[in-house]
Each structure stands twice: as structure tokens, then as C-alpha cells.
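Have the viewer open and follow along.

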Amino acid sequence: LLLQLALHITLASLFVTRDVRALILPSSEELEGNDASHDFAHIERVWALARTLAKAEKVKEPELVEIGALLHDIRDWKYSGSETAGAEVAGDFLRSCGVESWKVDAILQIIERVSFRKELGGTSTEGKSEFVYEAELNCVQDADRLDALGAIGIARTFSFGGRMSRPMLRPELESEPVFPTTESEIEDKIVILTQEEYMQKTHNDSSVYHFYEKLLRLRHMMKTETGRKMAQHRHEFMVTFLKQFFLEYQG
């Protein structure tokens, strides 16, 4: 772990400020013990994607993007069981580092608004007062969603499913997408859940069901032009995977 952190700190020093580099250690420590769907490698990928998007979208405060990406999964509710722990821990840490108060406020808003779950409940940006740093939020949000798509998204889905002891597929359930063979048949099975329905899922849901309740929806939920273009290829890869999966599952 120490060698890994030393490498990241060395690389980070080439393009980010001291404040951002200081967040690498607590981010890594907080995520120890998580499965591979939400480990520090996920944070690294989201961080890299967020930087790419911030540069392409020419955001005014790229540092907010980087810090938001590094801290976006601290005390995630799926692991902590708390809706507020992540923002509380992040806020305390940033203030202890002497980060300016306006930056802390903006970063916490990014952390609080970034998730798919919050958007289902209309608590991302809709219905709220205008967020001055919405462009920065969009970069972090799109980066996190890109890491839920494509080959990495597939791997993460089954990693989390394994942690939760979920079966790959439950064809006996009426809610399950049973053996679609074309892209249109696959996309016809997409499920639109409310926030309450999404949060009430159980370990009995299959890993494949997660594609239909979330992953296949993400390409149309991207906020940046760059993110939309990147999401399209990853979406197509997932559709190809699902067609092959259903073909092989039948033996």
C-alpha cells in the first residue's frame, strides 16, 4: 500500500496542487476492505476520467473536480449505511487541511449530488437553487458513471454482486430480463425505478438485473458532451456482452 501511495503522490505532483495530493492517503485508507467495485482503483480511474473531462469541458475550477473525484465515495451509503457520513468525513478532513471554506462548500455539494441514486430522487441538481459549480459537478458525475460502463463496469457489477452473494441471473423471476437476443430487445427491458425502489433492493436481485435498472440508462444521463461520446462506446460494449451472456447462459 505504501509503495502504491508513493507512486501516486509522485505522479500527482506533476499536475495537481499540494491540497489534492494530500487527499490520496485518506481516500485509500477509507476504502480499504471494499470489494473491487468501490476500491481505490475505482477512485483512481474516476480521478483520471474527471481530469480528462474537466480539461475538455474547460471548467473554471478544475481543482474542485479533482478533489470531488478523490472523495466522492468516502463512506458510501452502500457500505456505511449512512446517508450523511461521506460528506461529514470529507468536510472535517478538508477543513483540517485548511482548505478554503468556499472550496469545502462546493466540494461537499459535488459529493452530495454526484450519485445516480440522488438523481433518481430529484436531489442531484433538479429542484435545487442554482449551483455555481455545476460544470465541475458534471465532470465528476460523468466520470463516475463512465466507470460504471463498458468492460470495467461489467467487472465492477459482478464484483459487487459477489460481495452481496447475488446470483448472476434469476430467470425464474418475472422482473428478470429473460434471454433477449437483439439490442432492441435488451433495451426494451430497461427498468425505470424510483429512488425508493432503487434503495429497497435486496441481495436476491441478480447482477444482470443491475444492467437494466441502472447501467443501460447511463449513456442518456451524461451531462457533458465529452462524457456522452465516451459513454456511447462503453454502452455498445455492454450490449454486446449481454447478448453473448444470454446466449451462453442457456447452455
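## A helix on the inside

Why is helix α5 largely enclosed by the rest of the structure? Keep in mind that this is a predicted model. Helix α5 runs over residues 62-71, and nine of its 10 residues are buried, so the rest of the structure largely encloses it. The buried set is E63, L64, V65, E66, I67, G68, A69, L70 and L71.

## The overall picture

Secondary structure is quickly told: the protein chain has 15 helices and zero strands. Of its 251 residues, 47% count as buried. The accessible surface of the protein chain comes to about 12,300 Å², and 53% of that belongs to carbon and sulfur atoms.

What about sequence separation? If you take contacts between residues at least 6 apart in sequence, 74% of them join residues at least 24 apart.

## The nonpolar core

The largest nonpolar core has 57 residues, and the ones with the most contacts inside it are F211, Y212, L216 and L242. The largest share comes from α4, with eight residues.

L242 is a handy place to start looking. Setting aside its neighbours within four places in sequence, L242 is in contact with I186, V208, F211, Y212 and L216. Among these partners, F211, Y212 and L216 are on the list of residues with the most contacts inside the core.

## How α4 meets α15

Now to a helix pair. The angle between α4 and α15 is about 135°, and their axes are 8 Å apart. That angle makes α4 oblique to α15.

Which residues make the contact between α4 and α15? From α4 come L49, L53, A56 and E57, and they meet E225, T226, G227, M230 and R234 in α15. Sorted by class, this contact has four nonpolar, two polar and three charged residues.

## The loop between α14 and α15

Two residues in this loop are worth a click. T224 is found in the loop between α14 and α15, and at 4% relative accessibility T224 counts as buried. Not counting residues up to four places away in sequence, T224 touches L53, E57, N138, C139 and D142. Of those, L53 and E57 also take part in the contact of α4 with α15.

K223 has its place in the loop between α14 and α15 as well, but K223 is partly exposed, with a relative accessible area of 29%. Leaving out residues up to four places away in sequence, K223 touches E119, N138, Q141, D142, R145 and R228. K223 and N138 are 85 residues apart along the chain, yet their C-alpha atoms are separated by 5.6 Å.

## Two positive phi angles

Which way does the phi of K58 go, positive or negative? K58 has a positive phi of about 55°, although it is not a glycine. K58 is found in the loop between α4 and α5 and is exposed, with a relative accessible area of 70%.

S165 is another non-glycine residue with a positive phi, of about 60°. S165 is found in the loop between α11 (150-163) and α12 (183-188). Is S165 buried or exposed? S165 is exposed, with a relative accessible area of 59%.

Note on methods. Residues are numbered from 1 along each chain as its sequence is written. This is a predicted model: local features need pLDDT of at least 70, side-chain atom pairs count only at pLDDT 80 or more; totals for chains, interfaces and linings use all residues. Side-chain values use heavy atoms; hydrogens and water are left out. Buried means under 20% relative accessible area, exposed over 50%, partly exposed in between (1.4 Å probe, protein chains only). Helices (H or I, at least four residues) and strands (E, at least two) are DSSP runs, numbered from the N terminus. A nonpolar core is a set of buried Ala, Val, Leu, Ile, Met, Phe, Trp, Tyr and Cys residues joined through side-chain atoms within 4.5 Å. Contact means heavy atoms within 4.5 Å. Accessible areas come from the Shrake-Rupley method with a 1.4 Å probe; for residues, only the protein chains shown count as cover. Axes are lines fitted to C-alpha atoms, for helices over the stretch in contact, and angles run from 0 to 180 degrees between N-to-C directions. Angles under 35 degrees count as roughly parallel, over 145 as roughly antiparallel, 65 to 115 as roughly perpendicular and the rest as oblique. Ala, Val, Leu, Ile, Met, Phe, Trp, Tyr, Cys and Pro count as nonpolar, Asp, Glu, Lys and Arg as charged, and the others, Gly among them, as polar.
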